[in-house]
Amino acid sequence: MGEAILKINNLNSYYGKSHVLQEVSLTVNSLERVAVLGRNGMGKSTLLKSILRLQDIKVEGDVLFKGETLNQAKTYEIAKKGIAYVPQGWLLFPSLSVEEHLLVAYRPGKSKAKEWNPERIFELFPEIAARRKVSGTKLSGGEQQILAIGRALVSNPEILLMDEPSEGISTMVIDRVIDLCHQLTEQGISILIVEQNLELALRVAQRVYVLVNGRIVYEGTAEDFRADKESQHQFLGV
Ligand SMILES: Nc1ncnc2c1ncn2[C@@H]1O[C@H](COP(=O)(O)OP(=O)(O)OP(=O)(O)O)[C@@H](O)[C@H]1O
Ligand SMILES: [Mg+2]
């Protein structure tokens with residue numbers, strides 16, 4: 001496994017006076033799949049939004065992408081550098097068709113042969129290809145999740161940030177998302193996923209972190225965490 005593609009050092013995030021993330025440090029190595037687990041309201045979405053500088057979050061601490069600081073970068077600049085985002089709840093547009101979601105987000109990859117483009121997404125996910133002219137928000141939950149992932153992939157990122165991909169989708173679609181994550185790292189895309197769903201996180205990730213009240217309370221291999229029922233119970237209540 002290579003060097004860090006994403007490194008977060010001592011991150012503190014605030015909504016106004018509310019101090020949500022506290023001294024969070026984590027690393028995603030190149031071509032690694034990392035999951036951050038946590039129950040409701042523990043700060044998972046805030047972590048991804050802080051990396052992307054979304055919304056009105058005040059962020060202190062360092063975010064490094066391939067060794068380069070993102071501290072002063074704007075959201076669109078961060079996206080252009082190669083960080084893609086699949087938001088919680090998908091955030092699709094009722095006024096855009098399935099196809100238009102992909103066309104709007106498409107940014108050619110370095111290699112035409114290996115790039116993610118709308119046609120490649122449609123080949124991989126025939127169920128949304130069949131509905132390419134339909135409004136994105138008219139799809140089922142699983143199809144919207146797939147479209148949101150497709151929209152992120154056609155920007156041809158180096159790392160994919162996914163916020164609770166298990167939410168609102170069937171176990172069948174969950175299995176496909178897990179398979180896809182494994183394929184993506186084989187094809188050069190690193191993954192950082194935030195999740196409540198322990199099983200999905202453990203099946204996707206090689207390493208996990210656990211957030212409780214905005215702090216990292218556990219860091220280890222997915223294998224160790226799977227065996228550590230006591231920590232699972234203590235930190236996730238399962
Ligand atoms: N825009 C906001 N303004 C103020 N407080 C917020 C805002 N968004 C989130 N919070 C608070 O920050 C904390 C962390 O929220 P966050 O959405 O990051 O949690 P989460 O782990 O993603 O939860 P979930 O599993 O429900 O998605 C919570 O206490 C939440 O109420
Ligand atoms: Mg969330």
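Modeller: Start with a term: a polar contact is a pair of N or O atoms within 3.5 Å; within protein, one must be able to donate a hydrogen and the other to accept it, and residues adjacent in sequence count only if both atoms are side-chain atoms. This is a predicted model: local features need pLDDT of at least 70, side-chain atom pairs count only at pLDDT 80 or more, and totals for chains, interfaces and linings use all residues. Residues are numbered from 1 along each chain as its sequence is written, chains are lettered from A and ligands numbered from 1 in the order written, and side-chain values use heavy atoms, without hydrogens and water.

Colleague: What makes the pair between Lys44 and ligand 1 a polar contact?

Modeller: A polar side-chain atom of Lys44 lies 2.7 Å from an oxygen atom of the ligand. The limit is 3.5 Å, so the pair qualifies. Gly41 uses a polar backbone atom, at 2.8 Å.

Colleague: Which residues come nearest to ligand 1?

Modeller: Gly41, Lys44, Ser45, Thr46 and Glu164, of 13 around it. Helix α1, residues 44–52, gives the largest share of that shell, three residues.

Colleague: Why is Thr46 called buried?

Modeller: Its relative accessible area is 7%. Buried means under 20% (1.4 Å probe, protein chains only), so Thr46 is buried. Thr46 sits in helix α1. Beyond four places in sequence, Thr46 is in contact (heavy atoms within 4.5 Å) with Ser13, Tyr15, Val20, Leu21 and Ile57.

Technical notes. A residue is near a molecule or strand if one of its heavy atoms lies within 4 Å of it. Helices (H or I, at least four residues) and strands (E, at least two) are DSSP runs, numbered from the N terminus. Buried means under 20% relative accessible area, exposed over 50%, partly exposed in between (1.4 Å probe, protein chains only).
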